[in-house]
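Hi,

Here is the structure I promised to pass on.

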Amino acid sequence: MLQRLAAVVDRLWGPLLRLLSASLEQLGAHIMLLWNVVRWALRPPYRLSVLLEAMVFIGVESLPIVLLISLFVGAVFALQLSSALRTFQAEAFTGATVGLALTRELAPVFTSIVVAARAGAGMATELGSMRITEQIDALATMAVNPVQYLVVPRVIGGILMVPLLAMVFNCIGMVGAYIVAVGMQNVDRGIFMENARWLLDPNDITQGMIKAVIFGLALTLIACQQGYNASGGAKGVGVATTRAVVGSFVTILVLDYFLTDIWLTFFSKNIQN
Amino acid sequence: MPWKPEVNEDISQRSDEWHVRIRGINKTFGTHHVLRGIDLDIARGKINVIIGGSGQGKSVIMKHLMGLLKPDAGSIFVDGEDIVPLNDVGLNRVRKQFGMLFQYAALFDSLTVEENIVFALVEHGDPTTPERYADGRRRPPRRYSRSELHDIALEQLDKLALPRVLLRKFPAELSGGQRKRVGLARALVMKPRILLYDEPTTGLDPVSTKNVDDMIRSVSREHGVTSVIISHDMASTFRIGDRVSALYNGRIIESGPPDELRKSNHKWLREFIATSGAVHMDPVAEADLIDEPLVTAGAPP
Ligand SMILES: Nc1ncnc2c1ncn2[C@@H]1O[C@H](COP(=O)(O)OP(=O)(O)O)[C@@H](O)[C@H]1O
Ligand SMILES: [Mg+2]
C-alpha cells in the first residue's frame, strides 16, 4: 500500500517538477524580454509613428467594445446592488458602491481582459506570423533590432492606453449604473450622486490606474513574448495566440489579487473613519 | 578527393581573394546536430553556390553568416573580423554590408511594396554619407525626403522589370516571382557588398527561374558584390556559379569551380547532381567512389 503510494507520488513528482521548471522558465523569458524592452526603449531611434500605430491598435480600436461592455457592467452592478441593498434600506449607496467597485476593480480588470482578448491576441498572431515567415529575421538582417521595432512600441502602447481605456470604462460604467439605479430602480438622483462623490476619492482612482498600467504592461509583454517566439508553422501561431490570451487572463487575475492586497496593506486610507 | 580547407593560413587578415571564411562551425538544436564542423570560403566578387539536400542545414549556414544564429563552436571571419563574438551593436554594423533575400522573400505584410523597398533607407538614411565630418566628429547619415524615396523605389522596380503599379500594392497581392524580386530590391537599396540568396528560384516556373538567374548575374557583375546562393537547382547552379560547395552530413564535402565538382567521386553528390538530368558528371572508376551514408536527424556523428 505504502509502496503503491510512493510509486504514485514518484509518478506525479516528475510532471510536477517539469511544470514548475517550465513555469520558471517562462517567467525568466518574460523578465528577459522586459529587460530588453527597457534597454531598447531608451536607445535611439525613437519611432514615434510606429508607437502611434500601436496606440491606435490597442487603444482606439478597443474603444467601441470597452464602451459597450462598461455600460452593461455598470448597469448590471447597479441592478444587483440596488436590489440587494434595498433589503437593508440602503439602496441610496448603490452609486457609491458601484463607483468603488468600478474604479478599484472592474474597470482595470475588465478593460485589460478586453484588450488582452482583442489586441493581445492580435499582436501574438501578427508577431507569430512575422516570426514563421522570417519577417523578424529580415528586420534583423536590415540592422534593425526587432525587439526595439516590434515589441517596444506595443508594450509602451499597452502601458499608455489601458489606463486611458480604464478611465473611459469608469465614466461609462457610472452612466450605466445611473441609468439603471436612478432611471429604473427609483434611487434618488441627488443621493446617488452625493454618495458616489462622498465615497470615491483620488486614492481609489490611483489604485485602479496603477493596476491598469501594470496589467497593460503584463498583457502586451505576454502577447509579444508568445508571438515573438512562435515556431512550427501556422499551427504554432495558433498556439502562440491561445497561450497569449489564456496567459494574460490568468496573470491579470492573479496579479489583481496581490496588487489589491499590497494596496490595502500599505496605501489605503481607512474609509470607515 | 574530398575537399579540404587550407590550414596553417592566417585567416584573420583581410584577403582580396576571400570575403568570408568559415571555420569549424558546429550547431546543435536540442539533440539534433545540424552543422558538424563547417569549413567554407566565400570568394570575393564571385557567385558562390551552396548545394545540399532538404533539411541539411543550408539555411542554418546563411543565418550564421548574418549573425541571426550563434554557433556552438567555430568562427566566421568577414574581411578578417570574427563576427561570432560580436554583440547586437557590432552585428548591426556588419549587417549593413549584407543583403539577404529570404526563401519566401519575407516581405513585411503590413507595408506596401514601396515601403518595403525603401525600409532600410528610412531606417538608416543615406548609406553613402561619409562617416565623419571634416573635423573628425561622427556624422549622422543624411535623411531622405519622401520624393527621393519614391524615386528610388521606382528606379528599383524598373531595374528589376517590375511594373510600376506594384508600388502601392501589398505583398499578399504579388506573385511568388514578383515577391522575390521585390525582396531583392529591398536588399539592394543599401548597396550591400555581400548578397545572400536562400533558394532564389525554388517554386518558380522555368522562365522566372531564368529571369532570377540573369538578375543575380547582372547584380553580381554590375556592382561587384559577393553572392552566396543556396540552391537545389543544378541547371542554374552550374549555369551561374563561379564556385560550388556541397553540404552533406553537416560538413562541406566538396568546394570548388563547377568543373571540379563534376569530377567528384562522392557517391551521394554524383547522384544529387546527376538526378536532375541537367548536368553530367565526369566518369569515375567504381573503386574510387566514396559512399558515406546519410546520417539521420538526431543520430550521433
Ligand atoms: N531555429 C531552429 N530550431 C530548431 N531546429 C532548427 C532551427 N532551424 C533549423 N532547424 C533544423 O535544422 C535542420 C536544417 O534546417 P535548414 O537549414 O532550414 O535546412 P535546409 O538545408 O533545407 O535549408 C532542419 O532539420 C531543421 O529542423
Ligand atoms: Mg532552407
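**Notes on the model**

Let me start with one pair in chain B: B:Arg164 and B:Asp158 form a salt bridge, with their closest N and O atoms 2.8 Å apart. By salt bridge I mean a side-chain nitrogen of Lys or Arg within 4 Å of a carboxyl oxygen of Asp or Glu. B:Arg164 is partly exposed at 47% relative accessibility, and B:Asp158 is partly exposed too, at 38%. (Buried means under 20% relative accessible area, exposed over 50%, and partly exposed in between, with a 1.4 Å probe and protein chains only.)

Before the rest, some housekeeping. This is a predicted model, so local features need pLDDT of at least 70 and side-chain atom pairs count only at pLDDT 80 or more, while totals for chains, interfaces and linings use all residues. Residues are numbered from 1 along each chain as its sequence is written, chains are lettered from A and ligands numbered from 1 in the order in which they are written, and side-chain values use heavy atoms, with hydrogens and water left out.

Over all chains, the count comes to 28 salt bridges. Side chains of opposite charge can pair when their charged atoms come close. One to look at is B:Lys63 with A:Asp137, where the closest N and O atoms are 3.8 Å apart. B:Lys63 sits in helix H1 of chain B and A:Asp137 in helix H5 of chain A, so this pair joins two chains. (Helices, H or I with at least four residues, and strands, E with at least two, are DSSP runs numbered from the N terminus.) B:Lys63 is buried at 18% relative accessible area, and A:Asp137 is buried at 12%.

Back within chain B, the side chains of B:Arg14 and B:Asp16 meet in a salt bridge at 3.2 Å, N to O. B:Asp16 is exposed, with a relative accessible area of 65%. Both residues belong to a network of salt bridges that links B:Arg14, B:Asp16, B:Arg44, B:Asp79 and B:Arg193.

**The sheet in chain B and its helices**

Chain B has an open sheet of 4 strands in the order S2-S1-S4-S5, with antiparallel pairing. Strand S2 (32–43) and S5 stand at the edges with a single partner strand each, so one side of each has no neighbour in the sheet. (Two strands pair if DSSP finds at least two bridges between them.) S1 (residues 18–29) and S4 (residues 73–78) of chain B pair over 5 bridges, and B:Arg21 stands opposite B:Phe77 in S4(B).

Helix H1 (residues 58–65) of chain B lies across S1, S2 and S4 of that chain, at about 120° to S1(B). (Axes are lines fitted to C-alpha atoms, for helices over the stretch in contact, and angles run from 0 to 180 degrees between N-to-C directions; contact means heavy atoms within 4.5 Å.)

In helix H2 (residues 88–95) of chain B, the buried residues are B:Gly90, B:Leu91, B:Asn92, B:Val94 and B:Arg95. Their cover includes helix H5 (135–141) of chain A, along with strands S5 (81–82) and S6 (98–101) of chain B.

**Helix H1 of chain A**

A:Leu20 is exposed at 52% relative accessible area. By contrast, A:His30 is found in H1 of chain A but counts as buried at 14%.

Most residues other than glycine have a negative phi, and most peptide bonds are trans. A:Pro44 and A:Pro45 are joined by a cis peptide bond, with omega about 0°; A:Pro45 is in the loop between H1 and helix H2 (48–58) of chain A.

B:Lys191 has a positive phi, near 50°, and is found in the loop between helix H6 (176–188) and strand S7 (194–198) of chain B. B:Glu199 also has a positive phi, of about 45°, in the loop between S7 and helix H7 (206–223) of chain B. Is each of them buried or exposed? B:Lys191 is exposed at 59% relative accessibility, whereas B:Glu199 is buried at 7%.

Cheers
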